[in-house]
Amino acid sequence: MVSHLVTTIRNVVGITGNVISLFLFLSPVPTFIRIWKKGSVEQFSPAPYLATLINCMVWVVYGLPMVHPNSTLVVTINGTGTAIEIVYLTLFLIYCHDKKKRVKVMLIVLVEMIFIAGVTALVLIIAHTTQRRSMVVGIIAILFNIMMYAAPLSVMKLVITTKSVEYMPFFLSLASFANGVAWTAYAFLPFDPFIAVPNGLGTLFSLAQLLLYATYYKSTKRIIAARQEAKMEMHLSEVVVNGDNNDPKKNCTAP
């Protein structure tokens, strides 16, 4: 009776975690709409999307029946996440005007694909039980899951230096926090250290990002407002100058 109740709760929490994870994967949509409208990636970093891609692919391997049985929810959401991240990175490459950065991103994606193929082959060939396969892939998954949560922290230096969170997407940090909480709860029904450890740490990383966002939110608004005001003043100056140049009375010479 108790076991059945725990299983039911685990499934409910797992489905909730899947929904939140989907929101996490879709949270960069506003960022990419901005990139599309401006036709440039500006100062946005590809690190969160590269980290999330490798993380999702590792968890797909972890959830395979021949690696960790009864992990359908893990496979479905991370398979979806893999597809979404590929779309994001494709858009990033299209709107990135820095050739060196584009080549770097493509090389990293290629290395990630080769790494996943190698890990999958080695685990299935060398480890002959699901317990051993789960342990090997689980340890790797912990590392990449922590890396995914920590990836947005790569812009922390920029945020602190500029006192602006303009290039640290809020919805990504918020969704990461909710995702970490949900999957940490899932990991305790029953206890799965490979899910609990990275998501517990991920919750703390995401909380740090949200605190940083709250700290510099007001200063970001002031900086953006000042920038827009400066652009308007520059535009008005150009209008005045062009108006003076086109004025026939001012351009005519004395007889």
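The structure is a prediction, in which local features require a pLDDT of at least 70 and side-chain atom pairs count only at pLDDT 80 or more, whereas totals for chains, interfaces and linings use all residues. Residues are numbered from 1 along each chain as its sequence is written, and side-chain values rest on heavy atoms, with hydrogens and water left out. The mean pLDDT of the chain (the predictor's confidence in each residue, from 0 to 100) is 83, and 89% of the residues score at least 70. Where pLDDT is low, the predicted coordinates should not be read in detail.

The chain contains 10 helices and 0 strands, both being DSSP runs numbered from the N terminus, with helices defined as H or I of at least four residues and strands as E of at least two. Of the 255 residues, 40% are buried, where buried means under 20% relative accessible area, exposed over 50% and partly exposed in between (1.4 Å probe, protein chains only). The chain exposes about 14500 Å², of which carbon and sulfur atoms supply 72%; accessible areas come from the Shrake-Rupley method with a 1.4 Å probe, and for residues only the protein chains shown count as cover. When contacts (heavy atoms within 4.5 Å) between residues at least 6 apart in sequence are considered, 79% join residues at least 24 apart.

Leaving aside neighbours within four places in sequence, Val 58 is in contact with Ile 116, Val 137, Ile 140, Ala 141 and Phe 144.

Asn 145, in helix H6, is buried at a relative accessible area of 4% and touches Asn 55, Trp 59, Pro 198 and Asn 199, not counting residues up to four places away in sequence. The C-alpha atoms of Asn 145 and Trp 59 are 8.7 Å apart, although the two residues are separated by 86 residues in sequence. Asp 192, in the loop between helix H8 (170-186) and helix H9 (193-246), is likewise buried, with a relative accessible area of 8%. With residues up to four places away set aside, Asp 192 touches Tyr 62, His 68 and Ala 187, and a polar contact of 3.2 Å joins its side chain to that of Tyr 62. Such a contact is a pair of N or O atoms within 3.5 Å; within protein, one atom must be able to donate a hydrogen and the other to accept it, and residues adjacent in sequence count only if both atoms are side-chain atoms.

In helix H9, Val 197 is partly exposed at 38% relative accessibility.
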